[in-house]
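Hi,

Here is the structure I said I would pass along. Have a look at it first, and my notes on what turned up follow below.

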Amino acid sequence: MLLIKNGYIKPMVGPDLECGCVLIGDNGKIVEVGQNISVPEGTEVIDAQGKLVTPGCVEAHCHIGLDNEGNGWEGNDYNEIVDPLTPEMRAIDSIYPMDEAFGLALQGGVTTACTGPGSANVVGGTFAAIKLAGKRVDKMIVKAPLAMKCAFGENPKRCYGQNAKKSPMTRMGIAALLRELLFKSRRYLEDKESGKNPAFDMKLESMIPVMKKEIPLKVHAHRSDDILTAIRIAKEFGLQLTLDHCTDGTCIADELAEEGVCAFVGPTLGGKSKIELQNKSFETPAVLHKAGVPISIITDAPVIPLQYLPMCAGLAANAGLEMEEAWHAITINPAVQTGIGDRVGSLEPGKDGDVVIWNADPLTTIGGDAYMTIVEGKIVYKKN
């Protein structure tokens with residue numbers, strides 16, 4: 001067992017605890033969180049010495065392990081740019097846990113990431129939620145498949161219409177291709193369930209969890225019209241979705257609140273590299289939150305290196321987001337909104353023992369990286 005004592009505990013559920021403790025069992029699960037915990041003899045004890053203690057941060061949208069650091073074209077395993085519809089692609093078949101980005105993320109206090117295909121294709125394949133400590137992806141999986149990636153706007157238009165001179169060349173083309181796939185998927189599922197035994201189709205087979213609402217569409221959309229088109233199509237087919245990026249969210253915050261959808265906002269740090277990013281702002285999380293839209297903050301790593309997720313939350317707080325909500329936006333919110341809140345995102349009994357002891361509050365202090373990162377009760381990083 002492992003006991004962290006004398007920490008300023010921010011559990012993300014309930015009040016903070018001064019001089020608190022977190023007890024993690026031999027199975028890697030949290031046993032107790034409190035101020036006075038009795039522990040069995042032989043328990044390993046870490047004295048946090050008053051440092052901030054939080055759950056490991058959770059990234060709701062990135063490409064870690066598929067778009068690898070410093071490997072150029074060879075490291076690009078996140079876009080199968082041969083067909084605008086590739087739902088059969090699976091993130092777990094491209095993730096490379098030896099990429100240095102994993103270790104850097106752990107140093108930055110990020111312990112879980114939702115990672116998967118990029119946005120070249122209208123439908124790109126399934127995301128997975130993984131722990132960032134490990135050598136073999138099969139043992140790092142929290143949930144797979146997690147969501148089905150689809151993309152609207154500039155990216156699929158540029159990859160096909162502009163370069164290959166094939167559909168989709170327009171936003172109409174993107175919507176039409178997605179609708180056609182959804183119509184075929186619905187019929188394929190109906191035929192299977194009625195005993196008609198349709199000929200096996202790997203694309204349509206991969207869409208069954210989406211059609212049965214077991215996983216959501218993970219929608220890459222920056223511009224307001226793309227965001228609303230995605231919602232329109234999801235409603236037509238009775239599907240679940242998340243809005244990833246949601247750059248124009250400030251323009252339609254009231255509409256999004258009315259729809260009850262959640263927004264994964266980012267990547268916001270850096271320049272406006274394309275037309276769709278004209279309204280990019282660190283004020284967006286605050287505007288959406290105040291309108292009643294559930295939010296998470298994302299890096300889209302490697303667009304922003306994953307270790308800077310807490311800094312992005314701090315910049316959002318500086319731009320008007322409540323500090324407590326900024327913390328929630330990189331812990332409990334992404335965990336719940338991606339469907340893995342039963343395992344990660346907060347310090348609660350029964351959840352995974354993913355804990356970060358910080359040198360300083362990373363939302364308010366430049367260089368406030370992790371002093372120690374613990375994943376499932378094992379120390380995976382300790383600052384020298």
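**Helix packing around α3**

Helix α3 (residues 171–193) and helix α4 (residues 202–211) have axes that come within 9 Å and cross at roughly 90°. That is why the two, α3 and α4, count as roughly perpendicular to each other. Bear in mind throughout that this is a predicted model.

Which residues make the contact? On the α3 side they are L181, L182, K184, S185, R186, Y188, L189 and K192, and on the α4 side L204, E205, M207, I208 and M211. Sorted by type, the residues of this contact of α3 with α4 are eight nonpolar, one polar and four charged.

**Salt bridges**

Searching the whole structure gives 26 salt bridges.

One joins the side chains of D83 and K203, at 3.2 Å from N to O. D83 sits in the loop between β6 (57–62) and α1 (100–107), while K203 belongs to helix α4, so this pair ties together parts that are 120 residues apart in sequence. Both ends are partly exposed: D83 has 25% relative accessibility, and K203 has a relative accessible area of 24%.

Two others link α3 to α5. In one, the side chains of D226 and R171 meet at 2.9 Å, N to O. With D226 in helix α5 (residues 224–237) and R171 in helix α3, the bridge ties together parts that are 55 residues apart in sequence. D226 is buried, at a relative accessible area of 2%.

The other is between E236 and R179, whose closest N and O atoms are 2.8 Å apart. Here E236 is in helix α5 and R179 in helix α3, so parts that are 57 residues apart in sequence are tied together. E236 is partly exposed at 40% relative accessibility, and R179 is partly exposed too, with a relative accessible area of 22%.

There is also a network: K29, K131, R343, D352, D354 and E376 are joined into one by salt bridges that share partners.

**Aromatic pairs**

How many aromatic pairs does a search of the whole structure find? It finds two. In one of them, the rings of F183 and F237 have centres 5.0 Å apart and planes at 75°, so the pair is edge-to-face. F183 lies in helix α3 and F237 in helix α5, so the pair ties together parts that are 54 residues apart in sequence. F183 is partly exposed, with a relative accessible area of 46%, whereas F237 counts as buried at 10% relative accessibility.

The other pair is W327 with W358, also edge-to-face, at 6.1 Å centre to centre and 65° between the planes. W327 is in helix α9 (residues 323–328) and W358 in strand β14 (residues 355–358), so this pair ties together parts that are 31 residues apart in sequence. W327 is buried at 1% relative accessibility, and W358 is buried with a relative accessible area of 1%.

**Helix α7**

Last stop: helix α7 (residues 284–291), where the buried residues are T284, P285, A286 and L288. What do the buried residues of α7 pack against? Their partners are α6 (253–259), β12 (263–265), β13 (295–297) and α8 (309–318). Just after α7, G292 takes a positive phi of about 100°.

Cheers

Methods. Residues numbered from 1 in each chain as written. Predicted model: local features only at pLDDT ≥ 70, side-chain atom pairs only at ≥ 80, totals over all residues. Heavy atoms only, no water. Axes fitted to C-alpha atoms, helices over the stretch in contact; angles between N-to-C directions. Helix = DSSP H or I, 4+ residues; strand = E, 2+ residues; numbered from the N terminus. Parallel < 35°, antiparallel > 145°, perpendicular 65-115°, else oblique. Contact = heavy atoms within 4.5 Å. Nonpolar A, V, L, I, M, F, W, Y, C, P; charged D, E, K, R; others polar. Salt bridge = Lys/Arg side-chain N within 4 Å of Asp/Glu carboxyl O. Buried < 20%, exposed > 50% of the residue type's maximum accessible area, 1.4 Å probe, protein only. Phe/Tyr/Trp six-rings, centres within 6.5 Å; stacked < 30°, edge-to-face > 60°.
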